[in-house]
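Here is a briefing on one structure. Please look at the sequence and the 3D view first, then read the points below.

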Amino acid sequence: MSKIEIITEKCKGCGLCIIVCPKKSIQLSKNFNKAGYHPAVFVEGADCTACGLCFQVCPDVCIEVYKDK
Amino acid sequence: MKKILSKTESLKATPHLYCPGCGHGIIHRLVAESIDELGLREKTIGIAPVGCAVFAYDYFNFDVSEAPHGRPPAVATGIKRVRPDKIVFTYQGDGDLAAIGTAETIHAANRGENITVIFVNNANYGMTGGQMAPTTLIGQKTATSPYGRDPKREGYPMKVCELLSSLEGVAYLERVSVSNPKNIISAKRAIKKAFQNQVDGKGFSLVEVLSQCPVDWGMTPQNSIKWVEDVFVKAFPLGVYKDKK
């Protein structure tokens, strides 16, 4: 199963990754990070094709994409 | 599981101080990836502007010099002439390149200096709070044009690519945007080409990147990328304006 990891302490919660994700697998956390933003989080176990669109649009380069095989 | 996409070596892990949704972070990544893919990191010298990207030296993992407001093309000219073996690029905003630095930009272009210019156009002065810039659109509301820009009073938006395309010394001019993944990939190709041109000694290359500025435009990041696609690119058409063979 492919997945992404988000460095939540660098995320500013702009939500650009959420609108480009074709599988709707990213959402904003209800918790705050240290900077006071609601960071984006990958929904545990959600579908991911490792397309990398979220990585392309992330202004804070805080997304890492892992591909299964 | 294999990591296929992550921060490239030319970017530091330092968190960006840009506003949420700002296009600068994306453009920093495209510049860093282009440099790494061409294997130029060890010999690159960047010139940071005055403006939002003033702390670019904190984000790039190679040598970066700071220049007074608008003067990066002049500083880049000096560095490139003294060290022609280095890859020299400037990273400038519209207040820097198209307002206070117009003379430096035009003359560096006209001399055909073998440098690369990354020009980030966000239609206002971002760092100081969203005042009107030469590139502000007609009718666009900013902190200093609260009723919208009126060409009778403030003139017309300055189109840098069109302006420079008539100059003999210019090798490459392209306008791109970073509003969606397709445009971002296209912007990456343009930026990489601008660096390749310098390696090949072709001369002055400038890539104008239309970037969103959600906070100063008073929009959400989602609405700001929509505004870029619906309004901004109509006034500043994307495309290649010059590509000297």
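The points below go through the chains, the contact between them and the sheets.

This is a predicted model. Chain A has two helices and four strands. Chain B holds an open sheet of seven strands. A separate topic is the three-stranded open sheet that takes strands from chain A and chain B.

**Chain A on its own**

- From the N terminus, the elements of chain A follow the order β-α-β-β-α-β.
- The C-alpha trace of chain A spans about 35 × 20 × 20 Å along its principal axes.
- A compact globule of 69 residues would have a radius of gyration near 11 Å, and chain A agrees with that, at 11 Å.
- Buried residues make up 39% of the 69 residues of chain A.
- Take the contacts in chain A between residues at least 6 apart in sequence: 65% of them join residues at least 24 apart.

**Where chain A meets chain B**

- Chain A puts 22 residues into the contact, and chain B puts in 23 residues.
- On the side of chain A that touches chain B, α1 (16–20), α2 (53–57) and β4 each supply at least two residues.
- The residues on that side of chain A divide into 12 nonpolar, four polar and six charged.

- Four bridges pair β1(A) with β4 (residues 63–67) of chain A in the antiparallel sense. A:I4 stands opposite A:V65 of β4(A).
- β4(A) and β1(B) also run antiparallel, joined by three bridges. Here A:Y66 stands opposite B:K3 of β1(B).

**The seven-stranded sheet of chain B**

- This open sheet has the order β3-β2-β4-β5-β7-β6-β8, with mixed pairing.
- β3 (63–66) and β8 (239–243) of chain B stand at its edges; each has a single partner strand, so one side of each lacks a neighbour in the sheet.
- The twist averages 15° from one strand to the next.
- β2 (residues 44–48) and β3 of chain B run parallel and are joined by four bridges. B:I47 stands opposite B:S65 in β3(B).
- Helix α1 (residues 24–37) of chain B packs on the sheet. It touches β2, β4 (87–93), β5 and β7 of chain B, and its direction makes about 165° with that of β5(B).
- Helix α8 (residues 181–199) of chain B lies across β4, β5, β6 and β7 of chain B. α8(B) runs at about 165° to β6(B).

**Strand β7 of chain B**

- Is β7(B) mostly covered or mostly uncovered? It is mostly covered, with seven of its seven residues buried.
- B:F204, B:L206, B:E208 and B:L210 point one way from the strand. B:S205, B:V207 and B:V209 point the other way, and all are buried.
- Six bridges pair β7(B) in the parallel sense with β5 (residues 116–121) of chain B. B:V117 stands opposite B:L206 in this pairing.
- β6(B) and β7(B) run parallel too, joined by seven bridges. B:R175 stands opposite B:E208 there.

**Helix α5 of chain B**

- Which residues of α5 (residues 102–110) of chain B are buried? They are B:E104, B:T105, B:A108 and B:A109.
- These residues lie on the same side of α5(B), because they cover an arc of only 125° around the axis.
- An α-helix has 3.6 residues a turn, so residues three or four places apart point the same way.
- Just after α5(B), B:G112 takes a positive phi of about 65°.

How values were computed
Residues numbered from 1 in each chain as written. Chains lettered and ligands numbered in written order. Predicted model: local features only at pLDDT ≥ 70, side-chain atom pairs only at ≥ 80, totals over all residues. Buried ≥ 20, exposed ≤ 12 C-beta atoms within 10 Å, placed from the backbone. Arc of directions from axis to C-beta. Pairing = 2+ DSSP bridges. Contact = placed C-beta atoms within 7 Å. Nonpolar A, V, L, I, M, F, W, Y, C, P; charged D, E, K, R; others polar. Rg over C-alpha atoms; globule rule 2.2 N^0.38 Å. Axes fitted to C-alpha atoms, helices over the stretch in contact; angles between N-to-C directions.
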